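Please consult the sequence and the structure shown below while reading.

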Amino acid sequence: MTVTIQAARTKRKKNSDKTIERKKKTVDKILKCAINHFVRDGYLATTVDQIALSAGLTKGAVYFNFASKEDILRKLLTQAEELIVDQAIDLVKNTPPSAINKLAVFMNHQASVALTHAQHLLLLILMSIEFFGSNTEIEVCVRAIYRRLYSCVESIIHLGQVEGSIRKDIRSHELTSIVMAEHDGVLIEWYRRPGELEGMSLNRAARATLIDGIKARS
C-alpha cells in the first residue's frame with residue numbers, strides 16, 4: 001500500500017512539473033512575440049490577436065496566461081528593469097570606489113545587455129516615448145525605471161566630482177542627462193544600422209569619448 005501511495009505521489013509530482021514547464025514555455029513564447037511586436041510596431045498598434053498568431057496560440061491561451069495586453073507589457077518592463085537597472089546598480093555598488101571605474105562598469109553592463117537583450121533596452125526607450133504625456137500607469141512605471149537609472153548614474157557623477165575625477169564646471173544633473181542621452185542614442189543608432197556597426201566597438205568608442213569629455217581637466 002505504501003509503495004502504491006508513493007508511486008502515485010511521484011506520478012502527480014511529475015505531471016505537475018510537466019504542467020509548470022509547459023506553462024513557462026507558453027509564457028516565454030508570448031513574451032518573446034509580444035516584445036517583437038511592441039518594438040517593431042509599437043504597443044498601441046499591436047493587438048492580442050497578432051501576439052497570439054505570432055506565438056502559434058489561440059487568443060484564449062494568451063488571456064489564460066495574462067489578464068490583458070497591458071499585463072504583458074508590465075511583465076516585459078519588469079524584466080527590463082531587472083536586466084538594465086537592478087544588475088547595473090549591483091555591479092556599480094560592488095566596484096571599487098572610483099567614479100571613472102564605476103562609470104565604465106555601468107557602460108559595459110549596458111553594452112552587454114544590448115548584445116543579449118537588445119529588445120528590452122529598446123522597449124524601455126520606445127515606451128518612454130510612446131506613453132509620454134499619457135498620464136497612464138505605464139508612463140508612471142517607465143518613469144520610475146528611468147528615475148532609478150538616472151539616480152545610479154548621478155550618484156557616480158557626484159562621487160567623481162567629490163573625489164576630483166569628474167569635472168565640476170557642469171552640474172551633475174546635466175552630466176547625468178548627457179550620459180543617459182548617449183546611453184539611449186548609441187543603442188538606437190546601432191539598431192538603426194544593423195550590419196554596419198559592431199556592438200562592442202561602438203561601445204568602446206562611446207565609452208572613450210564620453211569619459212574623456214566628463215573627466216576633470218588638470
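Helices here are DSSP runs of H or I with at least four residues, numbered from the N terminus, as strands (E, at least two) would be. The model is predicted, so local features require pLDDT of at least 70 and side-chain atom pairs pLDDT 80 or more, whereas totals for chains, interfaces and linings use all residues. Residues are numbered from 1 along each chain as its sequence is written, and side-chain values use heavy atoms, with hydrogens and water left out.

**The cavity**

On a 1 Å grid over the protein atoms alone, a cavity is a set of points where a 1.4 Å probe fits but cannot get out; a pocket is an open set with protein on both sides within 12 Å along at least five of seven lines, and lining residues have an atom within 4 Å of a point. Points are joined across faces, edges and corners, and the volume is the space filled by probe spheres set on them. One cavity of 30 Å³ or more is found in the whole structure. Of the 19 residues that line the largest cavity, Q110, A111, H183, V186 and N203 lie nearest its centre. At least two lining residues come from each of helix 5, helix 7 and helix 8.

**The three spaces**

For the classes below, Ala, Val, Leu, Ile, Met, Phe, Trp, Tyr, Cys and Pro count as nonpolar, Asp, Glu, Lys and Arg as charged, and the others, Gly among them, as polar.

| Space | Volume | Lining by class |
|---|---|---|
| Largest cavity | about 250 Å³ | 14 nonpolar, four polar, one charged residue |
| Largest pocket | about 200 Å³ | five nonpolar, one polar, three charged residues |
| Second largest pocket | about 170 Å³ | five nonpolar, six polar, two charged residues |

**The pockets**

The second largest pocket has 13 lining residues, and K32, I35, Q79, H117 and H120 are the closest to its centre. Helix 1 (2–41), helix 4 (69–93) and helix 5 each give two or more residues to this lining. This pocket lies between domain 1 (1–67) and domain 2 (68–217), because both give residues to its lining; the domain bounds come from an automatic or database domain assignment.

M127, S128, F132, E139, V142, R143, Y146, R147 and Y150 line the largest pocket. Two or more of the lining residues come from each of helix 5 (99–130) and helix 6 (137–163). Helix 6 gives the most, with six residues.

**Helix 6**

The 27 residues of helix 6 should span 39 Å at 1.5 Å a residue, and the end C-alpha atoms are 39 Å apart, in agreement; the expected span is 1.5 Å times one less than the number of residues. Among the buried residues of helix 6 are E139, V142 and Y146, which also line the largest pocket. Buried means under 20% relative accessible area, exposed over 50%, and partly exposed in between (1.4 Å probe, protein chains only). The buried residues of helix 6 pack against helix 4, helix 5, helix 7 (172–192) and helix 8 (199–214). Just after helix 6, G164 has a positive phi of about 90°.

**V113 in helix 5**

V113 belongs to helix 5 and counts as buried because its relative accessibility is 3%. Leaving aside residues up to four places away in sequence, V113 touches L83, I84, A118 and L121, where contact means heavy atoms within 4.5 Å. V113 and A80 are 33 residues apart in sequence, with 9.6 Å between their C-alpha atoms.
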